[in-house]
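Thanks for asking me to look this one over. My notes are below as numbered points, with the cut-offs given where each term comes up.

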Amino acid sequence: MRERDLVIVGGGSAGLAAAIAAHDHGVRDILLLERDQYLGGILNQCIHTGFGLEYFKEVLTGPEYADRFIRKVRSIDDIEVSLRSFVVHLTGDKVLTYFRPGLLETVRARALIMATGCREKTREMIHIAGSRPAGIFSAGLAQKLINIEGLLPGNEVVIVGSGDIGLIMARRFTLEGARVKAIVEVQKNSRGLLRNLVQCVEDFGIPAYFSHMIARISGNKRVEKVIVARVDDTYTMIPGSEFEIACDTLLVSVGLIPENELIEMAGVRLDRKTNAPLSDEVNTTSIPGLFVCGNSFRVYDIVDSVTKDSSLAGRMAAEYLRGQ
Amino acid sequence: MNSYDIAIIGGGVVGSAIARELSRFRLAIILFEKEEELTFGVSKSNSGIIHPGTQNPSGSLKGRLCVEGNRRIRTVAAELGVDFKEVGELIVAFSEDEIPRLFGLKREARSLGVPGLAIVDRRWLRRHEPNLSEKALAALYAPTAGIISPYRLVYDLSENARRNGVEIFTRTRVEHIVKTGGTFELHTTGGTYRSKFVVNAAGLFADEVSRMVGVGSFEIRPRKGEEFLLDKKREHITNHLLFPLPSRTSKGVLVIRTADGNPMIGPTAEDITDKEDLSTSDEGLKKVLAAVRMLIPTIDESDIIAYFAGLRPVAGDDFIIRHENEVAGFINVAGIQSPGLTASPAIASMVRDIVRRCGLPMKRKIFFHPHRKKTAHLFAVPFSKTRKLIERDPSFGDIVCRCEMVSAREVKDAIQRGATTLDGVKFRTRAQAGRCHGSFCTTRLLKILAEEKKLPLTAITKKGAGSEVVRKARRHA
Amino acid sequence: MMTRPITCIECPVGCRILVTVENGKVVKISGNKCPKGDLYSVSEIENPARILTSTVATRGMPLVMLPVRTDGPIPKTKLLEAMDEIRKIVVDRPVRTGEVIVKNFLQPGVNLIVTRDSSPDQSPREGCPGQSARSIRLINSAFDRTL
C-alpha cells in the first residue's frame with residue numbers, strides 16, 4: 001500500500017483551493033481524488049454569475065471561477081490529479097480505498113483533506129404527502145440536466161423552497177422556455193440572497209408564496225398537479241387554505257446536507273442535525289491530520305468563502321505534516 | 001396463432017414462482033405482465049419478510065402454505081443465488097393480559113407446524129433485543145423468520161423460468177378471454193394467444209380477470225399499507241423482526257430489517273377503493289411513528305429517509321387457490337396478500353398439482369436448469385473479491401451510484417436482464433435507493449439506459465409510458 | 001413624481017434603495033451603502049439591463065453543452081430574443097474559457113463568450129488565479145451590471 005503525504009478527496013472549489021494552498025506552504029506530494037471526469041465540482045453546472053466578487057473582485061460564472069483554480073492545479077506537477085476516482089472506504093488511520101474504472105486502490109494518507117461538498121435534501125426528507133410520479137427533481141439535478149446535458153426536465157414547474165439554487169433554477173427554466181408557476185416557501189421570507197429574488201423571480205413575474213407548503217403531490221405516472229396550502233406560525237397547515245397548481249414538474253430546493261459519510265465511517269462524530277463534523281477548531285476533526293473544508297465543513301453562501309476556508313485547511317495540513 | 005399449455009397472467013412473485021415451478025416440465029408456458037416491467041404491481045411494495053407461519057388461523061391455506069414456503073424458499077434462494085437471511089421474529093406483549101394471547105398464537109402456530117417456537121421473557125429480550133422498549137414483558141419467538149429482497153427474488157425466478165423455456169411478455173395486458181372448445185383464447189394488447197390452461201395471478205386485478213371467464217365469486221379490495229424506510233445508519237437498531245400483537249385486519253405496525261440494510265417501519269392498513277392509489281399521507285406517518293415508538297422508543301422522524309405505499313389485494317380472509325370447475329382449465333390464484341411471498345414456492349407446487357389433477361400430462365424435463373449464477377453486487381462483496389471483479393471487467397470500477405456503490409457494469413447487466421426503466425434499474429441494483437434518492441446518479445442512468453436500449457434520452461421513463469423523465473433535448477446527438 | 005423602492009443586485013448585501021423618479025429620470029437616490037448603488041439605481045430605472053448566462057449546443061466536442069454569457073449587460077427587454085439567438089448557435093470547434101463566439105451579440109459592444117473549455121480534461125496549462133490568459137473585461141463602467 002502506498003503512502004502519500006497529502007490526499008485530498010474532492011476536486012471542486014474546496015479541494016482545488018486546498019491543494020494550491022498546501023503546495024504554497026511546502027507540501028510536495030499531493031494526490032487529488034475527484035469522482036467526476038472533470039475537475040470543478042458543482043461549479044461546472046453553476047453557469048450563472050455571482051462568483052468571485054470578493055476573491056477576484058470580478059464578476060464571474062461558476063465555470064470561469066473554477067477555470068482559474070483548475071489551471072493553477074494543472075500547472076503544479078506535485079499535484080497528482082486522479083479523475084473518475086471514487087473513495088468508498090476510509091479508516092480512522094486515514095487509509096482510503098478508492099475505485100477507478102479498471103482499478104481498485106488503497107492508499108494511506110499522512111494528512112487528509114476531505115472536500116466532498118454537499119448533497120441536496122430530497123422530497124422524502126421533508127415528507128411531502130402524495131404519489132411518487134416522474135417529474136420530481138432536486139434543484140441540483142435539474143440544473144445538471146439543463147446545463148450539462150442540454151435536457152429540459154419539464155414544461156410547467158413549481159419550485160418548493162426559496163433557497164438560492166431554487167431561485168436560480170426559476171430563472172433558468174424560464175429562459176429555456178418553461179413556465180415557472182410558483183415558488184412555495186414555508187418560511188415568511190426568502191431563504192436566498194435578495195439579489196436572486198430580484199433577478200430570478202421578480203424579473204420574470206413568478207409568483208412567490210411565502211408561509212405556504214406543498215400539501216400533496218398528485219399524478220400517477222408524471223406529476224399532474226400540486227396542492228399548496230398556507231401554514232401558520234408553527235408551520236402547521238391551515239385547513240381550508242388549499243389550492244391547486246397544475247404542473248408537470250416539482251423542483252425541490254430545501255437545503256443542503258454535507259456529505260460526510262466517509263469520515264463518519266472513519267469514526268469522526270457528526271452533528272446529528274447538520275451532518276457537519278463536530279470540531280473544536282475550524283476545519284479539524286477528532287482524527288489528527290484529517291481536515292474537512294468547504295461546504296462539507298459548513299454550508300457557505302458564496303464560493304469565495306469556500307476558497308478562503310479551504311486555503312486555510314490546506315495550510316493547516318501543511319503545518320501538520322511539518323510537525324510529523 | 002400461438003398455442004400454449006399454460007398461460008400465466010401476472011408477473012409478480014406469485015406468477016414468477018409458478019412459471020419457474022412449471023418450467024420443470026415439458027410444457028409450453030407463457031406469462032403476461034401488463035406493466036412495463038415485472039414486479040411493478042403488488043410485489044413492488046413487498047417488505048421482503050419470510051414469515052415463519054405465526055398469526056395464521058389453523059386450517060387456513062395461508063398457514064399451511066406459509067410454513068411449507070418458509071422451508072422451501074431457502075432451497076429456492078440458494079438455487080437462484082438470492083440472499084436469504086434467517087433473523088427470527090418476536091411478537092411482543094406489553095401487559096399481563098396480552099400474555100395469554102402469546103400462548104394462543106404459539107398453540108395455533110404449532111398446530112400449523114411452525115418449528116422452534118418459544119415464549120421468551122424480559123431478560124431474554126434485554127439481552128437479545130437491547131433497543132426494545134423496557135415496557136416489553138414477554139414475546140413469542142419464532143426463529144425461522146427471515147428476510148429476502150423481494151425484487152431480486154422475482155427477477156431471479158423469472159430469469160430462471162425464462163432460461164427454462166417460459167416466454168415472458170411485459171407491457172402486455174389481457175383484455176378479454178374467450179373459451180372455445182377445450183382452449184382459452186387470450187386477447188391481449190400484444191396479440192391473441194391460445195392456451196389449454198390459464199393461471200390467474202393478476203394481483204389487484206385478479207377479480208377482473210376472473211370475471212373475463214364468467215367467474216365472479218370474489219372481489220379484490222385494495223388495502224393500503226404505508227411504509228417508511230430508515231437511514232442505513234440505523235441498520236442495527238434491531239436483531240429480529242419485531243411485531244406487536246396482531247389486530248383483526250393486520251399484523252400491525254412492525255419494525256422490519258430489510259435485506260438491503262435499511263430498517264423499515266410500517267405498514268398501516270387502510271381499506272381504499274382506488275386500485276392505483278399509492279399515495280402516502282401525513283396521518284400515515286404519524287400513525288406509524290406512534291405505533292413503532294412503543295416497540296423502539298429511540299426511533300425518530302429524522303431517521304426516515306424514504307416512504308412509499310403498497311396495496312394488498314384482499315379477497316376475504318384466506319388465499320383463493322382453486323381450479324374453477326365450471327370453467328375447466330381456469331385456475332384462480334387470488335387474494336394473495338401476506339404471507340404470499342413466503343408461500344410462493346408452496347403456492348407454485350399447489351398450482352402444479354392442480355394442473356396435474358386436471359389431466360395435463362406433466363413430464364419432467366431432463367434438462368431443467370435450477371441454478372442461476374448469483375448477480376454480482378459491489379456493495380455485497382468484500383474488497384478482496386472486488387479487485388478481481390474490476391480486473392476482469394474495468395466497468396466494475398466505474399461507480400454510478402455513490403450512495404449504494406453501484407457500478408456501471410451492474411447497471412448494464414440489469415438492463416440486459418430486462419430493466420428498461422429507472423425503477424427497474426433501482427429494484428435490480430439499488431441505484432437511486434440510497435440517501436440522495438438519485439440526485440447524483442439519475443443523469444448517468446438516463447444516459448446508460450438510452451445507450452443500451454438505443455433510445456433517445458427523452459424516451460427513458462421512470463416506470464413505463466407516461467412517466468418520461470425529461471421533456472426536451474437541446475443537445476445534438 | 002414617484003418614489004419606489006428597489007433592491008440593488010450589485011453584491012450579496014442587496015441594499016434597499018429608495019428612488020424618486022420624475023419624467024422617467026431618476027432625481028433622488030437614498031439607502032445605498034456604496035456608490036455602486038447609485039449607478040445601479042439609475043440604470044435600473046432608465047435602462048434596466050442584465051448579463052445573460054445560458055448554454056449552447058456543441059457538435060463533436062467532449063462537452064455536450066457549453067456555458068456562455070454576455071460579457072456585458074443587455075437590455076432586459078431583449079433577454080428572450082437573446083435566448084432565441086443562443087439556441088441557434090452550435091459550437092463545432094475547440095474553444096477556451098473566455099473566448100468570444102459571437103461579436104456584438106444583439107448590440108455593439110457586448111459579446112457572447114464561452115465560460116468553459118470545450119475540452120476541460122487536458123494536460124497542464126500555464127496560468128494562475130487572477131491572471132487569466134484571456135482576461136475578462138472588468139466590469140466597472142456606468143452601465144455595467146452584475147446578474
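How many bridges join strand E13 (residues 179-185) and E14 of chain A, and in which sense do the two pair?

1. **Ground rules.** This is a predicted model, where local features need pLDDT of at least 70 and side-chain atom pairs count only at pLDDT 80 or more, while totals for chains, interfaces and linings use all residues. Residues are numbered from 1 along each chain as its sequence is written, and chains are lettered from A and ligands numbered from 1 in the order in which they are written.

2. **The opening question.** E13(A) and E14(A) are joined by 3 bridges, in the parallel sense. Two strands pair if DSSP finds at least two bridges between them, and the elements themselves are DSSP runs numbered from the N terminus: helices (H or I, at least four residues) and strands (E, at least two). Within this pair, A:Val184 has A:Tyr209 of E14(A) as its bridge partner.

3. **The parallel sheet of chain A.** Both strands belong to an open sheet of 5 strands with parallel pairing, ordered E10-E18-E12-E13-E14. Strand E10 (136-138) and strand E14 (208-210) of chain A each have a single partner strand, so one side of each edge strand has no neighbour in the sheet. From one strand to the next, the twist averages 20°.

4. **Helices on that sheet.** Helix H3 (residues 139-147) of chain A lies across E10 and strand E18 (249-252) of chain A, at about 90° to E10(A). H4(A) packs on the sheet too, touching strand E12 (156-160), E13 and E18 of chain A, and its direction makes about 170° with that of E13(A). For these angles, axes are lines fitted to C-alpha atoms (for helices over the stretch in contact), and values run from 0 to 180 degrees between N-to-C directions.

5. **H4 against H5 in chain A.** The axes of helix H4 (residues 164-175) and helix H5 (residues 194-201) of chain A come within 8 Å and cross at roughly 20°. H4(A) and H5(A) are therefore roughly parallel to each other; angles under 35 degrees count as roughly parallel, over 145 as roughly antiparallel, 65 to 115 as roughly perpendicular and the rest as oblique. Among the residues that meet are A:Leu167 and A:Ile168 in H4(A) and A:Leu197 and A:Val201 in H5(A), a contact being C-beta atoms, placed from the backbone, that lie within 7 Å. By class, the contact of H4(A) with H5(A) has 6 nonpolar, 2 polar and 2 charged residues. Here Ala, Val, Leu, Ile, Met, Phe, Trp, Tyr, Cys and Pro count as nonpolar, Asp, Glu, Lys and Arg as charged, and the others, Gly among them, as polar.

6. **The antiparallel sheet of chain A.** In chain A, 3 strands form an open sheet, E15-E16-E17, with antiparallel pairing. The edges are strand E15 (212-218) and strand E17 (243-246) of chain A, each with a single partner strand, so one side of each is left without a neighbour in the sheet. The twist in this sheet averages 30° from one strand to the next. E15(A) pairs with strand E16 (residues 225-230) of chain A over 6 bridges, and A:Ile214 has A:Val228 as its partner.

7. **Chain B, inside.** Strand E1 (residues 2-9) of chain B pairs in the parallel sense with strand E12 (residues 191-200) of chain B over 7 bridges, and with strand E2 (residues 29-32) of chain B over 4 bridges. B:Ile6 is partnered by B:Phe197 in E12(B), while B:Ile9 stands opposite B:Phe32 in E2(B). The axes of helix H1 (residues 13-22) and helix H8 (residues 340-357) of chain B come within 8 Å and cross at roughly 40°; H1(B) and H8(B) are therefore oblique to each other. Their contact has 10 nonpolar, 3 polar and 2 charged residues.

8. **Between the chains.** The contact takes 42 residues from chain B and 37 residues from chain A. On the side of chain B that touches chain A there are 17 nonpolar, 14 polar and 11 charged residues. Strand E11 (residues 151-152) of chain A and E23(B) pair in the antiparallel sense over 2 bridges, with B:Lys472 as the bridge partner of A:Leu152.

How values were computed
Contact = placed C-beta atoms within 7 Å.
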